[in-house]
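Take a moment to look over the chain from end to end. Then follow the text below, one step at a time.

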Amino acid sequence: MKNEESILKALMAITQISNRPGLGFEAKLQKIIHHVTQCMRTEKGSIMLVKGRRQLEVAASTNTALIGIRNRIESNSPSAWVVKNKKLLCIDERNTQTDVAKGAGKYNKDAFLLAPILNRNKVVGVLSVTEKIGEDCFTKTEQEIFFNIAGHVISALENRRLNDSLKRSKQKLQRQNAQLKKLEQVRTELFNMLVHDLKGPISEIMANVDILSYTVVEENREYVESARIGCDNLYRMVSNLLDIARMEDHSLSLIIEKLTAAELIDEAVARLHGVSQAKQVALATAIDVSVDEVFVKGDRDLLLRVLQNLLLNAIEHSRQDDTVEIGVAMADKDLIRFYIADNGPGISPAHQDVIFDKYTQIKKKKDGIKYSTGLGLTFCKLAIEAHKGAVNVESDGMQGSRFVIDLPVRLAS
Ligand SMILES: Nc1ncnc2c1ncn2[C@@H]1O[C@H](COP(=O)(O)OP(=O)(O)O)[C@@H](O)[C@H]1O
Ligand SMILES: [Mg+2]
């Protein structure tokens with residue numbers, strides 16, 4: 001009974017050692033051989049592993065000086081015999097079953113027990129013990145136990161193989177990831193360059209359309225006006241795209257100026273004049289007296305384009321003769337709050353979070369082509385966050401939406 005207990009203990013120890021994370025392969029084998037010798041009650045023991053097709057190498061041993069020593073499988077040694085015959089070998093005074101045993105006189109003195117370490121019927125190593133404490137022989141039961149233990153050593157080896165292959169896969173993935181990142185970077189740079197280069201020709205068209213608008217005969221004015229609106233939209237989309245990319249990789253630096261809320265609102269409204277007229281939507285402003293003495297420190301172009309994007313959304317979702325209101329007031333002593341409110345269909349609570357995500361459009365317009373990208377609100381969010389502010393939407397999802405921008409201000413400035 002006592003014997004079985006110690007075997008069980010040894011087997012459990014081997015399994016535990018095999019599965020212990022963080023312990024190196026060599027250290028694992030060394031610990032295993034220690035437990036094997038304890039269980040078999042021998043002074044010495046070692047684990048040899050098959051290297052390539054011809055060699056056996058000591059991977060762990062109670063005599064650490066032997067580690068790394070190689071032995072040819074073709075040789076006449078007991079371990080080579082075990083590899084070739086895939087069988088247990090016991091050499092002691094009572095058992096001279098093989099030529100190896102007969103020839104190896106030196107082993108007759110101290111009983112020597114060797115078992116193949118098999119993996120899917122292939123020998124991958126040899127487990128051996130010698131110099132038994134007490135008598136110089138191994139009983140049949142002990143031999144069987146030993147064979148069993150050798151079977152368990154394989155789990156440590158398998159773990160290593162698994163580890164190695166995981167490591168290799170990880171390295172491969174890391175390499176591929178780095179390549180992909182590089183490609184992505186090249187693609188982004190190219191894309192930004194192209195988008196940036198688009199701005200030039202669009203500006204040129206806009207300037208020429210402007211000149212045309214002064215000279216065109218009255219009956220053609222609406223065509224020029226719609227060309228101008230189209231150009232404006234295109235310019236805004238290109239700018240949004242470019243700035244989102246820059247804000248995402250933190251390469252956009254803000255040009256900070258001291259601005260008043262009133263000038264921002266007036267300029268934004270002026271820029272949307274043509275569109276609101278075309279859609280027959282009125283624009284109303286409400287500038288509270290509380291902001292009179294306050295300066296917003298921010299990037300004029302970015303903040304204006306945020307207001308423009310929000311106004312344009314509000315106009316787009318309004319019906320003819322509706323009014324869109326843009327207003328501002330102090331929300332707190334150091335917080336200025338802008339809002340843009342419309343009487344459109346509203347935005348359901350479920351959609352309120354996602355509309356700020358890239359490319360989100362709740363429903364495509366049915367009437368004709370809609371020149372939009374679903375990037376407007378993403379741009380607004382990033383631009384306001386770059387000013388350490390926040391943008392949110394309030395709507396019951398039935399009627400009207402109210403976009404609210406909070407920006408920190410310092411009254412002393
Ligand atoms: N004022 C609004 N009223 C109703 N829905 C809106 C309003 N503003 C934005 N949305 C919804 O949010 C979506 C995302 O807006 P945005 O990012 O500006 O993209 P785009 O205008 O290019 O569609 C819109 O497609 C629309 O569905
Ligand atoms: Mg939009």
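**A walk through the chain**

The side chains of R402 and E394 form a salt bridge, with 3.6 Å between N and O. Keep in mind that this is a predicted model. How exposed are the two partners? R402 is partly exposed, at 33% relative accessible area. E394 is partly exposed too, with a value of 45%. Both values fall between the 20% limit for buried and the 50% limit for exposed.

Other salt bridges share partners. They join D243, R246, D301 and R305 into one network. Look at one pair in particular. D243 and R305 form a salt bridge whose closest N and O atoms are 2.5 Å apart. This pair links distant parts of the chain. D243 belongs to helix α7, which covers residues 221-248. R305 belongs to helix α10, residues 300-316. Are they buried or exposed? D243 counts as buried because its relative accessibility is 4%. R305 also counts as buried, at 7%.

Now turn to the strands. R337 and D406 meet through their side chains in a salt bridge, 2.7 Å from N to O. R337 sits in strand β11 (residues 335-342) and D406 in strand β13 (residues 401-408), so the bridge ties together parts that lie 69 residues apart in sequence. The partners have their own surroundings. R337 is partly exposed, with 35% relative accessibility. D406 counts as buried, at 15%. How many salt bridges does the whole structure hold? A search finds 20.

Next, find D322. Which part of the chain holds this residue? D322 lies in the loop between α10 and β10, where β10 is given as 323-332. D322 is buried, with a relative accessible area of 12%. Set aside the neighbours within four places in sequence. D322 is then in contact with Q280, V281, A282 and N343.

Move on to V409, in the segment after β13. V409 counts as buried because its relative accessibility is 6%. Which residues does V409 touch, leaving aside neighbours within four places in sequence? Its contacts are V294, F295, V296, M330, D334, L335 and I336. D332 gives another distance to check. V409 and D332 are 77 residues apart along the chain, and their C-alpha atoms are separated by 9.7 Å.

Step back to the whole chain. It has 12 helices and 13 strands. Its radius of gyration is 40 Å, well over the 22 Å that the globule rule gives for 413 residues, so the chain is more spread out than a compact globule. Along the principal axes, the C-alpha atoms fill a box of roughly 120 × 45 × 40 Å.

What about contacts across the sequence? Take contacts between residues at least 6 apart in sequence. Of these, 64% join residues at least 24 apart.

Finish with the surface and the charges. Of the 413 residues, 40% count as buried. The chain exposes about 23800 Å², and carbon and sulfur atoms supply 53% of this area. The chain carries 57 positive and 53 negative charges. How far apart are their mean positions? They are 15 Å apart.

Technical notes. Residues are numbered from 1 along each chain as its sequence is written. Chains are lettered from A and ligands numbered from 1 in the order in which they are written. This is a predicted model: local features need pLDDT of at least 70, side-chain atom pairs count only at pLDDT 80 or more; totals for chains, interfaces and linings use all residues. Side-chain values use heavy atoms; hydrogens and water are left out. A salt bridge is a side-chain nitrogen of Lys or Arg within 4 Å of a carboxyl oxygen of Asp or Glu. Helices (H or I, at least four residues) and strands (E, at least two) are DSSP runs, numbered from the N terminus. Buried means under 20% relative accessible area, exposed over 50%, partly exposed in between (1.4 Å probe, protein chains only). Contact means heavy atoms within 4.5 Å. The radius of gyration is taken over C-alpha atoms; the globule rule is 2.2 Å times the number of residues to the power 0.38. Accessible areas come from the Shrake-Rupley method with a 1.4 Å probe; for residues, only the protein chains shown count as cover. Lys and Arg count as positive and Asp and Glu as negative; His and the chain ends are not counted. The place of a charge is taken as NZ of Lys, CZ of Arg, CG of Asp or CD of Glu.
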